[in-house]
Amino acid sequence: MAIPEASAILVFNSGSSSLKFGLFKPEAGDEQLLLDGSAEGICRGSGAIQIRSASGEKLLAQDHVLESQQDALAKVASVLQRRMPAPPVAVGHRLVHGGPRLRKHQLLTPEVFAQLEADIQFAPLHIPQALKLVRQAQQIFPGIPHFACFDSAFHQTMPEVAWHFPLPRRYVEEGVIRYGFHGLSYESIVHRLGKSLPRRAVFAHLGNGCSIVAVQDGKSIDTSMGLTPTGGVPMSTRSGDLDPGVLLYILRKEQLDVAALEELLNRQSGLAAFSGGESDMQALLGRAASGNHAAELAISVFCIAVRKYIGAYAALMGGIDLLVFTGGIGQHSVEIRARICEGLQFLGIESPDTNGRVKVMPSDEEAQIARHCRALLG
């Protein structure tokens, strides 16, 4: 199937072990999907590339050993180029963090690259990998603009009381503030709801990474993640918020260096820590149903943590008119949604929902990136 569009925007969205992509054309004032797909199983000794049409028809399914993100991008681009008679007019890239000086979606210029490299300390696990992929994509698709769309941009509307940490001002001036993430996911939900979005809403993006956001009048006013995507509720392998004294204790007792502490907080904590290594929510639900106490504890802590944030944001906004679940867990786990909503009846929130105040909505980060790229093209 060839794509006859000469105005298509190509979007890349990289994760820890996957690379999602989408090709979009303008239609009726919005971005229409032409095809999308993913490279899965990166760095796991096996992998696969899939491409689907806008209707969901599987156009390609190939098994590949994908040794790295760069290897996955090269193979994906090779497949895409055979199906694109003309190059895209632009390429959009999701970047998790832009640091304190890059808070808006923008053209990737040498100056932007230099600023990202100068601010690697804000996201050392994400920025270097993202820059490698962008540079590789620029070589594969030369002569066209490449845009950076930042996952933190949606949250720049937060008031100072939400983003200012209680630390000496010198740290705040260096950019040690609450940034928030999953912004492109949240933006896509705001876009999809349009005029039906009520004044007070809470969105819960629950997947391998999890965050909750308070949305008032369509804008982020507070969110659970902070300086990095490690903060907030416990996640698959990330700790979420901790008493800082816990970190001081671990550092003193075990004399960890920064890399070891980062490994502990991002890859050995969260649900995996409770359960002894299992981080997949469906697997944990299965174990809990069989009487496994550790799995039940992991699920309970997770659901209560999310519920606490929902309650806090209800207090912040004086109530909630709409609660939206998105992300892999949020969309697909009826039981987790029900357990989170237990006890929220006083806010008018019930599960299963009977009054339209709880919605399950897929987010569409790729389409949102395409929208930003089209707008930046003018």
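**Close-up views of a predicted model**

View 1. Alanine 28 adopts a positive phi near 55° in the hairpin of S2 and S3, where two residues lie between the strands. The model is predicted, with residues numbered from 1 along each chain as its sequence is written; local features need pLDDT of at least 70, side-chain atom pairs count only at pLDDT 80 or more, and totals for chains, interfaces and linings use all residues. Side-chain values use heavy atoms, with hydrogens and water left out. Strands (E, at least two residues) and helices (H or I, at least four) are DSSP runs numbered from the N terminus, and two strands pair if DSSP finds at least two bridges between them. S2 (residues 18-27) pairs with S3 (residues 30-40) in the antiparallel sense over ten bridges, and lysine 20 is opposite serine 38 in S3. S3 also pairs with S4 (residues 48-53), antiparallel over six bridges; here glutamate 40 faces alanine 48 in S4.

View 2. Serine 152 lies in the loop between strand S8 (146-150) and helix H4 (160-163). Its relative accessible area is 0%, so serine 152 is buried (under 20% relative accessible area, 1.4 Å probe, protein chains only). Leaving aside residues up to four places away in sequence, serine 152 touches Val96, Gly98, Arg103, Tyr179, Gly180 and Phe181 (contact: heavy atoms within 4.5 Å).

Definitions and conventions:
Buried means under 20% relative accessible area, exposed over 50%, partly exposed in between (1.4 Å probe, protein chains only).
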